[in-house]
Amino acid sequence: MGLDFSVIIGGKAGEGISSAGLTIARIFSRLGYYVYMDFDHPSLIKGGHNFSVIRASEEKTGSLREGIDILIALDKNTVNIHKKRLKPESTLIFDSDSVKKVSGTPVPAKQIVIDSGGIPVMINSCLLGAFCRTIGLERGFTRSVIRDEMPVKTEKNLEIAMKGYDYVSELCNIPDISEAAGRKKILSGNEAVALGLVYAGLDAYISYPMSPASGILHFLAGNSDSFGIKVIHPEGEIAAVLMAEGFACAGRKAATGTSGGGFCLMTEGLSYAGIAEIPLVIVLAQRQSPGTGAPTYNAQSDLLFASYAGHGEFPRFIAAPANSMQAFSWSVIAMDIAWDFQIPSIILMDRTVCEGIYTFECDLSSAGEISENRNISESSVIHSVPKGEKYERYADSEDGVSPFAPLGTKNAVVKINGKTHFRSGISTGDPEMLQWLADKREKKENSLKSALDKIKCVHAGGTSDSETALICWGSLSMLCEEVAEKFSLKLIQPVVMVPFPEKEMKKELSGIKRIIIAEDNSTGQLSLILKGMGIHADKQILSYKGRQMTVEELSSKISEVL
């Protein structure tokens, strides 16, 4: 078995714990390892306990282990909370000016920063330098990493980091395998969604900040000029969804993002998109508990809400990606489907995927894997109408998808209506038209299902010929796949949740005699959906404490039910 190494760096909010963790993740990526990082933090601007967990492995990884190899502590609280995860051979690196009466590798980081004329947050630079020496990195490599990762006050950070480096001794050696494995890129789920939307032709992102979707807004706002898009922060979620629909009516691809509370407010707009047949993309980032709840902790509790949100009956598309790779590719597909079928598409994320950092291996220059799934139907957008021809916004069609002329199209009178309407777009309460419109929406949904039959909507892994299947969705997939391989189980992850790929799911379940379903919610929402299709769980593993299960924790639960 190759290297499998875990690090925790912890301290208070405002001490740069997330950026320090990201630096450690990038160090391992540069060395050629697969990386997964989770940033755990309470909903506080300053104070409280923050920590980043970084797992590096020669095998693909997107989950956490219970034990850690190195604990980097900026305060005593970090030691108290995480010391139980230390193994006999583990190393504790700590700021000896803040942490007393513990054994390990002390570094007088606070005093080094003062003597160097630095600022308090640079304590993490000092400890990062010590970490690099501890794992056997060369001085030149360490200097290069610090220089690349700290663009602000670089020389001072570098000076302090190297003093931390020189203060300790090498305790282990993490070999550089990048020559054989290649340097890898890392990306958060939020960044991957943003890039996927841009790749799909995003013109505008309109969003009111709400954790854990805020990272998309920040990333796109910071790169709007490079991407050539508009990024708008309106007064609230209702404005955001309606502005996105306004962009779409003008022929511009737009998206919005929020979490459960904001999505509640957007449901009126969601129904409007359903009746008016407006292409709309919403990123719904799930977080723990109803209401304001626990905004920085994880849950998979909005699946049924997203599936049925809004009044009336209308088709929608929902995909729930498991990591940054899936977040990228399914964001592209979600945008394509929204425009090909003129329906709302929902990208159902969870906190772990949104803020988790994953190794990202997609080649954006070619995106060959994506192209196989693109253009699953012909685009129905038209940009000109021959002179003398009458344009009807809601004209009949075999697949229920009418030609869509954006507002301002030459020779076209475009009437977009959120009330029941004739083919022309003029309002009506005519009973025959009400039924015709409902039939039109049903035809469109059936066309969407037929189109999805052409692409792979269910991910399968683990042991393919096992008679026991472990089913999960969203961020649990990479954890479940690792555990499934350990127990020789088959892993099945439906990515498309609406319309649910029932035929593909049942095909993957062929030969399966025992089903275990794992979810991060208390009611088993995927289990309820599967039950409606005659697929029953023999055992359920439900976790709803807001934190990810570790490999050891899920393994223990699997052992209990096998």
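Visitor: Hi! What happens just after H12?

Guide: Just after H12 comes Glu-277, which takes a positive phi of about 60 degrees. Keep in mind that this is a predicted model.

Visitor: Okay, how many residues does H12 have, and how far does it reach?

Guide: Helix H12 covers residues 260-276, which is 17 residues. From its first C-alpha to its last, H12 reaches 24 Å, close to the 24 Å expected at 1.5 Å a residue.

Visitor: Where is the kink in H12 centred?

Guide: The kink is centred on Met-266, and it comes to about 50 degrees. Met-266 is also one of the buried residues of H12.

Visitor: Why is H12 described as largely enclosed?

Guide: Because 12 of its 17 residues are buried, H12 is largely enclosed by the rest of the structure. Among them are Gly-260, Phe-263, Leu-270 and Ile-275.

Visitor: And what do those buried residues pack against?

Guide: Their partners include helices and strands: helix H11 (237-249), helix H13 (303-308) and helix H17 (431-452), along with strand E10 (254-259), strand E11 (280-286) and strand E13 (344-350).

Visitor: New topic. Which strand does His-49 lie in?

Guide: His-49 belongs to strand E3, which runs over residues 47-57.

Visitor: Is His-49 buried or exposed?

Guide: His-49 is buried, because its relative accessible area is 13%, under the 20% cut-off.

Visitor: What does its side chain make a polar contact with?

Guide: The side chain of His-49 makes a polar contact with the side chain of His-82, at 2.9 Å. Leaving aside neighbours within four places in sequence, His-49 is also in contact with other residues, including Gly-10, Asp-40, Asn-77 and Ile-81.

Visitor: What does UniProt list for residues 13-166?

Guide: An unreviewed UniProt entry lists them as "domain: Pyruvate/ketoisovalerate oxidoreductase catalytic". In the model, residues 13-166 are 42% helix and 25% strand, and the end C-alpha atoms of that stretch are 27 Å apart.

Visitor: Let's zoom out. How many helices and strands are in the chain?

Guide: The chain has 21 helices and 20 strands. Its C-alpha trace spans about 80 × 55 × 45 Å along the principal axes.

Key: Residues numbered from 1 in each chain as written. Predicted model: local features only at pLDDT ≥ 70, side-chain atom pairs only at ≥ 80, totals over all residues. Heavy atoms only, no water. Helix = DSSP H or I, 4+ residues; strand = E, 2+ residues; numbered from the N terminus. Buried < 20%, exposed > 50% of the residue type's maximum accessible area, 1.4 Å probe, protein only. Polar contact = N/O pair within 3.5 Å; in protein donor to acceptor, adjacent residues only side chain to side chain. Contact = heavy atoms within 4.5 Å. UniProt positions renumbered as here; feature names shortened; annotations may be inferred. Expected span 1.5 Å × (residues − 1). Bend = angle between axes of the 7 residues up to and from the residue.
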